Amino acid sequence: MSENNINEYEALNNENTQQPQEVVGGVDEQPNVYYRSEPQQVHCTPDPQAGYNSWQNQPYDTSPDVKKTKKVKKAKDDKPKKPRSGHAGLIAGVVAAALVVGLGSGFVGSMLANGIGTGQFSLPSGLTSSAAPTETSENAVTNSVPHIEDSPATAAPLNESKINDDTNSELLTTEELYAKVKDSVVVLYNYQQPQGYNEPVKVGVASGVIFTADGYIITNAHVVDGAVKMTALVNDPDEPDKTHEYEAEILGSDSASDLAVVKITRDEPFTYAKLGNSDTVRVGQDVCALGNPNSLTSSLTKGIVSGLGRAAYSGSNYGCSSIQIDAAVNVGNSGGGLFDMYGNVIGIIDYKLMYTSSGTALENIGFAITINEAKPIIEDLMSIGYVTNRPGLGINGEMLGDYAAYMYGYPSTGLRVTYIDEEMPVAKSGLRVGDVIIEINGIEVTSMTDVQNEISNHNIGDTVELVVLRASEVGNIKEVNITAELAEIKLA
């Protein structure tokens, strides 16, 4: 996209990705720090972990120190000692047996079983055990070895008619939903060409959803950001363990909504997911997220809708609202599908909250872009590569904090204009590069979002009133009032 097509949102996006964002409205009304599930680095391999006991959460002892007992031979004329009676002796013997079996099951356990039950102790009357020795004669017993039988099936057969139903009118089980939609969610690889490299390098892995039979894929704008090449890894519907990789063309990307569309091509039609109606979504209903977290392809998580109408990642009025979910989403889930239990896409996974402003960890607070608000954006990206009918000034800028304002000699903070598109009406308004916008239509400018949100409330052809600070050639600062007309802009 050419330089003159990049407007004031670029600075907003840069600002937002560099600093933690604040989302007000939590339980404690404190701002929360969130992060986008960015495409993960491919070459990050976790260090091996020691085994842990799932009951006690302690490391397994892989080399137990089992003390050996020395056998004492009995003299020929020695009389056998009379066994101790009473339950105390029984309990001690059973506990000792359990300890040895637990530490050294298998070979040591079988040795123990062979050494027990030669008439040295017996179970009290009325107490039975499947592991107790069975008496076969007056002087000999044989230990019974339990037979491990095959367990019955743990899952009911899938209803193929519901899975293959093109109308998505049948409520699905989780297993049926996975079988229905798993081949529509793909792995997306982002290739970039760092300085000094002769060929593009794979730097990111994320997700995308095929939504047409001819290979159109929805994903996030941040998934394709910076890519010189994209590829998609698609499941083979006939051979579950087989995949095919296709080069993906980036048709359009919109940072304000964090949506992008890429296209893959082949002769055969692709398995695709249907876009649902997010207006029917209710808080509390079951949903499933499908994507590729940490390169674990086709991973399904389930949860409920926790909230509706949440803020867009960018905070911009040009963005779409989000569906809050408690289903687990992680790095690599970006661009994956949020499905209702009929198999319809009701959202595109975007970001999650990680910590509060005080550093307290947050769990199970993920967000998906609402699909109904995404549909017109997707259509524009498919057809012309950018989103139409968005009013804007046609400028680039950078926010001045307190220190920067002091260094430039300005009495207050604001948006410093760094570029003006000469083909936009604002070029004839009297606004200059270097001016600092401190108000728009009477609203104080504390961030780029303030400017963009006010502009989004107007139509193409409307005018806005700006108050700017301007430095003279000798360094004097004065306020200037400017009227600027809005025109259609093309956001990258």
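Predicted model: local features only at pLDDT ≥ 70, side-chain atom pairs only at ≥ 80, totals over all residues.
Is Ser298 buried or exposed, and what is its relative accessible area?

**View 1. Ser298 sits in the loop between β11 and β12.** Ser298 is buried, with a relative accessible area of 15%. Buried means under 20% here, so Ser298 falls in that class. Its backbone also stands out: phi of Ser298 is near 55°. That is a positive value, in a residue other than glycine. Strand β12 covers residues 299-310.

**View 2. Asn364 lies in the loop between β15 and β16.** Asn364 is not a glycine, yet it has a positive phi of about 60°. Asn364 is partly exposed. Its relative accessible area is 46%.

**View 3. Helix α5 lines one face with its buried residues.** The helix runs over residues 174-181. Its buried residues are Glu176, Leu177, Lys180 and Val181. Seen down the axis of α5, these residues fall within an arc of 110°, so they line one face of the helix. What covers them includes helix α4 (160-163). Strands β4 (185-192), β11 (286-291) and β14 (337-339) are also among the covering elements.

**View 4. Helix α7 spans residues 371-383.** The helix has 13 residues. At 1.5 Å a residue, α7 should span 18 Å. Its end C-alpha atoms are 18 Å apart, which agrees. After α7 comes Gly385, whose phi is positive, near 90°.

**View 5. The buried residues of α7 pack against several strands.** Ile371, Asn372, Ala374, Ile377, Ile378, Asp380 and Leu381 are the buried residues of this helix. They pack against β6 (216-219), β8 (243-254) and β9 (259-263), among others. Their partners also include β10 (274-275), β15 (344-356) and β16 (366-370).

**View 6. The largest cavity holds about 40 Å³ of space.** Rolling a probe the size of a water molecule over the atoms shows where empty space is left. The count comes to 1 cavity of 30 Å³ or more. Which residues line the largest cavity? They are Ala256, Ser257, Asp258, Ala312, Tyr313, Ser314, Cys320, Asp350 and Ile369. The lining divides into 5 nonpolar, 2 polar and 2 charged residues.

Technical notes
Residues numbered from 1 in each chain as written. Heavy atoms only, no water. Buried < 20%, exposed > 50% of the residue type's maximum accessible area, 1.4 Å probe, protein only. Helix = DSSP H or I, 4+ residues; strand = E, 2+ residues; numbered from the N terminus. Arc of directions from axis to C-beta. Contact = heavy atoms within 4.5 Å. Expected span 1.5 Å × (residues − 1). 1 Å grid on protein atoms, 1.4 Å probe; cavity = no way out; pocket = protein on both sides within 12 Å on 5 of 7 lines; lining within 4 Å. Points joined across faces, edges and corners; volume = space filled by probe spheres on them. Nonpolar A, V, L, I, M, F, W, Y, C, P; charged D, E, K, R; others polar.
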